Amino acid sequence: MSGTAHATKFLDRVDVASLPGDQEARQSALATFFSTGWPDRKHEAWHYTDLNARMRSFADEALVTRTLRPEFPSVDIPRLVFVDGVWDKNLSSDSLNFLRTRGIPEQKAGSSPIVALNAAITLDGADLKISAGQNAGTILLVSVGSADGLAIAPRHRITLEKGSNLTVIEVIRGAGRYLHVPVTEIDVRDGGTLRHFRLQEESQDSVHVATILATIGESAAYETFTLGVGASLARSEFHVTLGGSGADVQINAAQLLTGTQHGDVTTIVAHDAPGCTSRQTVKSVIDGSARGVFQGRIEVARIAQKTDGYQMNQALLLSDSAEIDSKPELEIFADDVKCSHGAAIGALDPEQIFYLRSRGVSEQEARAILIRAFLHEALEPITDDVARPLFEAAIQSWRWGASG
Amino acid sequence: MVAVTETLQTINQLAGTGYKFGFETDIEMDVAPKGLNEKIIRLISEKKREPDWLLEWRLKSYRAWLSMEEPAWARIVHPKIEYQELHYYAAPKGPAPKSLADVDPELLNMYDKLGIPLNERAALAGVAIDAVFDSVSVATTFRESLAKVGVIFCSMSEAVREHPELVRRFLGSVVPAGDNYYAALNSAVFSDGSFVFVPRGVRCPMELSTYFRINARNTGQFERTLIIAEEGASVSYLEGCTAPMRDENQLHAAVVELVALDEASIKYSTVQNWYPGDAQGNGGIYNFVTKRGACRGRKSKISWTQVETGSAITWKYPSCILQGEGAVGEFYSVAVTNHFQQADTGTKMIHLAPNTTSTILSKGISAGRSSNTYRGLVRIMPRAANARNFTQCDSLLIGNHCGAHTVPYIESRNQSSKIEHEATTSKISDDQLFYCRSRGLSEEDSVGLIVNGFCRDVLKELPMEFAVEAQKLLAVSLEGSVG
């Protein structure tokens with residue numbers, strides 16, 4: 001069956017006409033989505049991630065109902081909780097002052113069918129606006145998927161006015177077999193700094209396709225780290241545009257995959273202004289018969305002279321049936337630039353394991369130490385005191401060799 | 001397509017009273033009507049007195065081609081190619097220049113810069129054959145000494161007639177009839193090309209070059225080359241030459257197949273300097289080539305080296321299929337684009353067997369308003385334990401109106417394999433230029449020197465005499481790109 005056929009079956013459960021907001025916009029977004037349906041390998045942007053194949057089970061298999069309310073990380077910061085894509089007043093801190101997107105996307109879908117799908121069915125999302133010069137501290141943004149058969153599509157919007165600061169720690173959890181397609185629109189204006197930490201611990205039965213659409217202004221900075229351990233299929237797709245001179249972007253990510261998981265980190269960093277810097281480090285640890293994907297593109301426009309772009313992706317294969325596919329691209333139209341990318345794929349070094357074993361460390365522990373060391377480079381830039389322990393704990397509890 | 005129009009005009013002039021379908025013998029070669037259909041393919045096959053199995057193979061390829069679509073994934077832009085407007089059998093030739101005095105002065109100027117001997121210039125410029133220096137005897141001598149050690153080096157047509165069992169066994173075994181759009185087209189209508197067979201244990205005593213093969217001239221736009229090295233054999237093959245060749249066909253779709261058996265080694269070097277179009281981007285050759293080598297045997301080795309400076313469009317991915325345990329694949333490439341040239345080139349390394357290794361070294365230089373893309377695939381299959389790949393892709397941009405792109409695909413399905421990939425993009429630094437200029441070099445010479453340094457790792461893989469020529473060629477290709 002084609003991607004469109006599966007999509008129809010899946011979306012039969014969503015009555016788009018009954019959703020609030022601009023019906024016309026929803027229908028046009030839906031049409032955009034249906035022009036491709038669930039993307040598969042024929043779409044170059046999805047060359048290594050066949051979402052259509054994975055969605056087949058969502059459309060065909062009988063649904064099992066199972067409701068579970070996951071726990072939140074116990075950290076003492078204001079938190080916003082979205083359950084199944086809708087703001088939950090009772091679970092959220094009441095001290096927070098924010099708006100809700102209520103199903104009204106601002107950014108256009110572009111060519112992504114998943115962003116279009118989100119626009120068609122989104123109900124809610126946080127709309128955070130930080131006024132000029134304000135240091136807004138740290139916010140915990142929690143997404144919970146709670147039941148089988150749901151299509152969860154929050155649309156969050158984060159706007160930082162000139163010279164403001166914000167740290168967002170996003171924790172994504174759930175139980176059940178659901179589809180989660182969050183879209184986050186980010187606008188960091190001149191001189192602003194947004195730190196965006198994402199911990200994706202979705203239910204092992206879910207499909208998670210997150211899209212981050214970010215524009216970074218003059219001398220502004222966007223720093224993001226994603227750790228992915230959950231979902232049967234997960235994809236984090238970053239579209240970051242450096243729109244003002246001197247903008248600085250850091251996109252780091254790590255994914256830990258086991259069983260039959262499929263994890264995809266896709267980044268498109270567009271240098272549209274001169275003198276900008278971008279840094280990317282993406283690490284994949286792959287066990288079982290899991291499959292990891294990295295696609296990263298640095299685009300340098302003609303005007304973007306003095307660009308400094310760097311991208312590194314590394315993968316560690318822990319089993320004979322693990323697979324990594326990597327596609328690091330450079331697209332350069334300006335001559336006075338410094339751009340490079342590197343990729344390295346390999347296994348744990350037996351000599352390093354031997355070194356540790358000979359010092360009395362168990363095999364299991366030796367491997368854990370080396371895996372942690374491998375991830376270090378991507379974790380290093382996280383200086384936030386709240387975020388860092390969350391990630392450390394998630395890595396600590398990740399069990400390679402488990403049949404997820 | 002300019003060349004086609006010119007060709008048609010020529011035919012009309014020659015035919016006097018308008019062009020009728022059918023064969024004309026009053027011009028230099030037989031002419032088939034334009035367009036492509038099964039009748040034309042039967043005709044090509046018949047004219048070449050080919051056996052039935054080859055005709056069947058051509059027809060099969062043609063039918064596969066019909067069901068295929070022109071690929072659109074490469075980063076190239078060109079007007080739609082009208083395949084039914086082309087001639088597929090011996091496209092009629094325009095009048096050859098009678099002497100060097102009739103040859104385009106631009107071309108002569110270039111020969112001068114490349115330091116090509118006077119007597120060879122005529123041959124390259126396509127001056128009528130009887131005016132050309134005595135290359136026939138040279139070629140014959142070579143063929144005799146090759147025959148002594150059992151190396152077969154002849155045209156594909158000759159091979160089909162004289163060694164049908166070899167051709168039948170290997171033709172299409174690396175690039176199957178329906179492999180891709182352009183390869184299918186080539187398989188249906190291929191004109192001629194080289195055939196090399198190096199028997200077991202023989203080290204080919206000399207570098208084989210199309211240049212020395214008498215019937216190499218006018219192998220046409222659909223060249224087909226097949227090189228086989230048996231167990232323990234080794235051969236080095238040179239294709240093309242640094243001098244720009246006069247060519248009337250705008251579309252080229254060649255196929256090259258290499259087969260290396262146990263411990264055999266094949267080195268295939270190309271210098272491609274076909275007409276790139278003028279400085280305004282008019283004309284130029286469209287070059288869609290499928291080159292692939294199969295390392296079938298244990299510890300076999302295939303090495304591709306290419307210097308690509310010509311053609312308006314280059315679409316070319318010389319690949320290695322590493323099937324034998326411990327097989328080695330190498331790809332060394334320099335691609336230069338200037339003015340409005342477009343190159344989308346790279347390689348594929350498919351690791352199927354344990355302990356296979358591959359090395360990719362690619363240097364792209366873009367200048368003017370050109371576009372230069374490296375596109376490559378490294379794939380490690382589950383059986384390829386301890387496979388190893390190293391890739392280095394560097395791009396150099398000269399000027400602010402060109403583009404340099406890198407699109408590598410890296411796929412690993414074996415944990416014991418190691419893959420490393422590095423890519424960089426930069427420009428010629430002002431410091432480097434200043435250093436050269438302060439020592440009295442002109443700006444153009446400085447750029448030439450720096451670019452040669454940038455390409456050194458690849459150029460040193462070329463056979464010596466080729467390397468010297470290639471260095472000059474790089475400098476000439478980049479003329480007018482600075483200052």
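Three salt bridges cross the interface of chain B and chain A by the rule used. The model is predicted. In it, 30 residues of chain B are in contact with 35 residues of chain A. The two chains bury about 2700 Å² between them.

**Salt bridges and polar contacts**

- The side chains of Glu331(A) and Arg75(B) meet in a salt bridge, at 2.9 Å from N to O.
- The rule also finds 20 residue pairs in polar contact across the interface of chain B and chain A, with both residues at pLDDT 80 or more.

**The side of chain B that touches chain A**

- Two strands of chain B, strand 19 (403–412) and strand 20 (418–427), each supply at least two residues of this side.
- The residues here divide into nine nonpolar, 14 polar and seven charged.

**Buried area**

- Interface size is often given as the accessible area lost when the parts come together.
- For chain B and chain A, carbon and sulfur atoms account for 45% of the buried area of about 2700 Å².

**Strand pairing between the chains**

- Strand 20 of chain B is joined to strand 21 (residues 338–346) of chain A by seven bridges.
- These two strands run antiparallel.
- Opposite Glu420(B), in strand 20 of chain B, stands Ala344(A).

**Confidence in chain B**

- The average pLDDT of chain B is 82, and 78% of the residues score at least 70.
- Residues 1–29 of chain B stay under 50 in pLDDT. The model has 45 contacts beyond four places in sequence for this stretch.
- Residues 212–219 of chain B also have a pLDDT below 50. Their contacts in the model beyond near neighbours in sequence number 22.

**Confidence in chain A**

- Chain A has an average pLDDT of 89, and 92% of the residues score at least 70.
- The pLDDT is below 50 over residues 62–67 of chain A. Beyond near neighbours in sequence, the model gives this stretch 12 contacts.

Conventions. Residues numbered from 1 in each chain as written. Chains lettered and ligands numbered in written order. Heavy atoms only, no water. Contact = heavy atoms within 4.5 Å. Buried area = accessible area lost by both parts, 1.4 Å probe. Salt bridge = Lys/Arg side-chain N within 4 Å of Asp/Glu carboxyl O. Polar contact = N/O pair within 3.5 Å; in protein donor to acceptor, adjacent residues only side chain to side chain. Helix = DSSP H or I, 4+ residues; strand = E, 2+ residues; numbered from the N terminus. Nonpolar A, V, L, I, M, F, W, Y, C, P; charged D, E, K, R; others polar. Pairing = 2+ DSSP bridges. pLDDT = per-residue confidence, 0-100.
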